[in-house]
Amino acid sequence: MTQIIGTWIAAGLTLAIFSFLYKDNPFYKVAEHLYVGVSAAYAVLYAWANDVYPMLVEPMFLGRGAVTTADRWILLVPLLFGLMMLARWVPRIAWLSRWSIALTVGIAAGLGITGQIQGILLPQVAGTLVPLTSANNVLMVAGVIATLVYFYFSIAQKGAVKVGSRLGMVFIMVAFGASFGYTVMARISLLIGRLQFLVFDWLHVVK
Amino acid sequence: MKKEIPLAITFLTGLIIVVTFFIPHQPLGTMQQRLLIWYSIVLGFTMLLGVDSLLRSNLKRLVGRTPGWPYAAVLLAGFAFTLAAGIYNWATTRSLLTLGSPFMFVYTFVIVPLQATMFAVLAFFIASAAYRAFRARTLEATLLLVTAAIVMIGRVPVGAELWDKLPVLADWIMEVPQMAAKRGIVIGVALGTIAMSLRVILGLERTYLS
């Protein structure tokens, strides 16, 4: 019974969203607002279940996962910073939230350096440093250099730089076209999934 | 003091993350992991600020009976029901996604279909945008049009029926010219992120404090 009720709710919401293809209407707006409300609650519960509870509540208050007493007490620091973030609710001490913002920005900036170098920059450069023994490799190296030249705005785009920049533009357009095609295919497969749900699971027109 | 202390916190935390990356030995070794846990905890609290703002604005619409207030009521009801279902789940099983639970019901029959349909609808809007953007008036637009067409047709069975080399061509586009340009863009973005992160750690970029 639960399955049947759920399928009808899901089908109703699916049709309500699809109704926007005709024009903006109350059914779509109801589904849209429901989506926002439900997603916000889901995000709060997700943060509690995956971040705050296992990382703060369990080790600090229940002693699980904390090796030493110091491990438990040191968690007062993020608890304090978390509470300071909520100081925005009290205008008189709202400035305290800057400390928490500073902590998150500092960590994100630190990760921005190490993570980008180790996870993106070096692997991408290593992938580009290939022997020029095949047409594909030549094209790859030329494409990367030309794309970088296109985005190099510190010098005037004249002469050889202009030629490189123009070639970069060609590569970028090909990449955008390919990415566009890929995105369309992903969206279409989602659309097929929803239509399959309506036809198979809800209406049982095709078995 | 209201600016100096936050700047010092940013400098210290950023520096610790960078230093612990290069010196993964005690006592620095565990600092990075510890800071990442702190980061997640503080972000968890930040979520409350966002939700508070959302609920406050919709509650105001509902109480003030401003145009569209019934939709605000739907949003608030959806939020309250999902939160109640999640809390009940957590209190009884210490888990959110328990099979057959009220929260799982909301997740399976409300969140998943709404999310999937929202993205599916984008297929139509992308098609409409493509109609406007893909007019082959310039070399760049033509390249965009031709590449997108090859990748799209090459990825479905009819593409291979039309020309058996079309899927191979689509794969080649993805693996060579597309990858080359994407790599150039990604390298540029990484360099930009590193430069901006350095500016933030050194206190040259302070807009986040305003």
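I began with a salt bridge, Arg34(B) to Asp71(A), and found 3.4 Å between the closest N and O atoms. My rule for a salt bridge is a side-chain nitrogen of Lys or Arg within 4 Å of a carboxyl oxygen of Asp or Glu. Across the interface of chain A and chain B that rule finds two salt bridges.

A note on conventions before I go on: this is a predicted model, where local features need pLDDT of at least 70 and side-chain atom pairs count only at pLDDT 80 or more, while totals for chains, interfaces and linings use all residues. Residues are numbered from 1 along each chain as its sequence is written, chains are lettered from A and ligands numbered from 1 in the order in which they are written, and side-chain values use heavy atoms, with hydrogens and water left out.

**Chain A against chain B**

I looked up the contact (heavy atoms within 4.5 Å) and got 111 residues from chain A and 105 residues from chain B. The two chains bury about 9900 Å² between them, with 84% of it on carbon and sulfur atoms. Buried area here is the accessible area (1.4 Å probe) that two parts lose on being put together, summed over both. On the chain A side, Tyr35(A), Leu45(A) and Arg98(A) lose the most area to chain B, together 7% of what that side buries. I also noted 11 residue pairs in polar contact between the chains, both residues at pLDDT 80 or more. A polar contact is a pair of N or O atoms within 3.5 Å; within protein, one must be able to donate a hydrogen and the other to accept it, and residues adjacent in sequence count only if both atoms are side-chain atoms.

**Inside chain B**

The domain assignment gives domain 1 (1–64) and domain 2 (67–130), with bounds from an automatic or database assignment. Their contact takes seven residues from domain 1 of chain B and nine residues from domain 2 of chain B. I found about 690 Å² buried between these domains, 80% of it from carbon and sulfur atoms. Between them I count zero salt bridges and one residue pair in polar contact, both at pLDDT 80 or more.

**Rings**

Which residues do ring pairs link into a cluster? I find Tyr42(A), Tyr46(A), Phe103(B) and Tyr107(B). Rings of Phe, Tyr and Trp (its six-membered ring) pair if their centres lie within 6.5 Å; planes under 30 degrees apart count as stacked, over 60 as edge-to-face and the rest as tilted.
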